[in-house]
Amino acid sequence: GRSTREWQAADAAHFLHPFTDFKALAARGARIVTRGEGIYLWDSEGHRILDAMSGLWCVNVGYGQQPLIDAATRQMQELPFYNAFFQTSTPPAIELAELLAKLAPPQFKHVFFASSGSESNDTVVRMVRRYWALMGQPQRQVIISRWNGYHGSTMAGASLGGMPGMHEQGGLPIPGIVHIGQPHWWEHGRALGLSREEFGLKAAQWLEDKILEVGPENVAAFIGEPVQGAGGVVVPPDTYWPEIQRICDRYGILLVSDEVICGFGRTGHWFGCERFGTRPDLITFAKGVTSGYVPLGGVLVGERVAQALIEKGGEFTHGYTYSGHPVACAVGVANLQLVRRLKLVERVRDDTGPYMAELYQRIAAHPLVGEVQSCGLMGAITLVRDKATNAPFPAEVDIAMVCRGHCFGNGLIMRAVGDRMIVAPPLVITRAQLDEMAALIQRCLDLTLADATR
Ligand code: PLP
């Protein structure tokens, strides 16, 4: 094997990493991750790391699950690839479509496959515009999404998203995509003196205001993540989503739930829309469908849209070489069967989710912590300079990055977003492992506090 330094040199010489400052990476060298087992990773130096982010919110069943490995191996031997274009199909794609229809809310009987969350959201943009054209309202082109949402990195995905810094590169958003504010009480509601519940209604009202500004006859759809993930695990007030549903119903607008993170148990429900009480017309998914073992995504298409596409549509001129990839779908089936067999969704809802919330309440007492939020097995910790007033750190002290550095040095992966530290551990995590995670978080907060008060 090569030494860590050799890996790092070759990496910096040839590999342009996503969402990475190339020079900073070259200066510091990447951490080379070599192995995974359960909720732990090992790097090329032999350090064990508790992966509290499940990779990128995806390795829900943990690393090293034999049923997924076997399913991929079997399918590669049997038929590594065939497409779903031109009236052909393969057994794994059919089985996964059937299983997804069983697991999804009752209005979903159909699925369109892609290979990532970005592709799935791109599919949605074309599909909702096609739907309205078929319904005789082709002027309904506008899709409303939210600032600080994340929907992927393709031209449409990045346009739908509202993350700082993404629109500036590439001349985005593409036409017909507009944004409203996010239901982030800590950021936007507190200063207005509103309770969480009041603020939830106000943030939903921004949707109606935007619909009226654009003209309801021009609006195709609203898209949002049930809990904003990459934006910092922003758990919306309980008043928010029911009000969004009411507004979409009122103007006949399609509701799209981006469940790329929330889908398949993360919130303690099969889909996040079930946790928050909405009835979306479309659901996009990826990540947890295969626990990230192989790339797969897709769009669950509710009967309202499916019927129009099937009955009125003729050919939908859209698709990817890997739509319904047999190996990916075989792994998807094995993964979802494992999630069922291990009762992971129920475990998150009744056991590990509430237990993590309890642990987070204890973390909330830390002098560096302004508030904590969690939903199922996703959580956020907001760091403040002054606990009494909740005053934030000045912008030049990137406190979350300081904390992330300590996580790095102490065998824990947490993600830093603005002034928040976020986690989304594998759904197989046990209570004892959650205790271990919480102890590591406390230690890293202590070390960060020591730095901040030095
Ligand atoms: N939508 C959400 C909510 C996501 O979190 C992500 C990725 O993090 C995406 C879409 C994009 O998925 P992908 O990176 O698979 O294209």
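# A walk through the predicted fold

Residues are numbered from 1 along each chain as its sequence is written.

Back to that bridge. Aspartate 51 sits in strand E3 (residues 48-51), which runs parallel to E13 and is joined to E13 by two bridges. At the E1 end, the pairing with strand E2 (residues 40-43) is antiparallel, over four bridges, and glycine 36 has leucine 41 in E2 as its bridge partner. The two strands make a hairpin with two residues between them, and glycine 38 in the turn has a positive phi of about 65°.

There is another open sheet of four strands to look at, this time antiparallel, in the order E11-E12-E15-E14. Its edge strands are strand E11 (369-375) and strand E14 (415-417), which each pair on one side only. From one strand to the next, the twist averages 20°. Six bridges hold the antiparallel pairing of E11 with strand E12 (residues 378-383), and glutamine 373 stands opposite alanine 380 in E12. Helix H14 (residues 344-363) lies across E11 and E12, at about 175° to E11. Helix H15 (residues 399-409) packs on the sheet too, touching E12, E14 and strand E15 (420-423), with its direction at about 175° to that of E14. Those angles run from 0 to 180 degrees between N-to-C directions, along axes fitted to C-alpha atoms, for helices over the stretch in contact. Contact, in turn, asks for C-beta atoms, placed from the backbone, within 7 Å of each other.

How does the whole chain look? The count is 16 helices and 15 strands. Along its principal axes, the C-alpha trace spans about 65 × 60 × 45 Å. The radius of gyration is 22 Å, which agrees with the value near 22 Å for a compact globule of 454 residues; that rule is 2.2 Å times the number of residues to the power 0.38, and the radius is taken over C-alpha atoms. Of the contacts between residues at least 6 apart in sequence, 71% join residues at least 24 apart. Buried residues account for 48% of the 454, where buried means 20 or more other C-beta atoms within 10 Å of a residue's own, exposed means 12 or fewer, and partly exposed is in between, with C-beta atoms placed from the backbone.

Now for the ligand. Of the 16 residues around it, Ser116, Gly117, Ser118, Gly152 and Val260 come nearest; a residue is in this shell if its C-beta atom, placed from the backbone, lies within 6 Å of the molecule. Helix H6 (residues 117-134) supplies the largest share, three residues. By type, the shell splits into six nonpolar, eight polar and two charged residues. Here Ala, Val, Leu, Ile, Met, Phe, Trp, Tyr, Cys and Pro are nonpolar, Asp, Glu, Lys and Arg charged, and the others, Gly among them, polar.

Most residues other than glycine have a negative phi, and most peptide bonds are trans. Phenylalanine 19, though, has a positive phi near 45°, and phenylalanine 264 has one near 70°. Are the surroundings of phenylalanine 19 buried or exposed? With 9 C-beta neighbours inside 10 Å, phenylalanine 19 counts as exposed; its place is the loop between helix H1 (4-14) and helix H2 (22-28). Phenylalanine 264 has 30 other C-beta atoms within 10 Å, so phenylalanine 264 is buried, in the loop between strand E8 (254-258) and helix H11 (272-276). And leucine 172 is joined to proline 173 by a cis peptide bond, with omega about 5°.

Technical notes: Predicted model: local features only at pLDDT ≥ 70, side-chain atom pairs only at ≥ 80, totals over all residues. Pairing = 2+ DSSP bridges. Contact = placed C-beta atoms within 7 Å.
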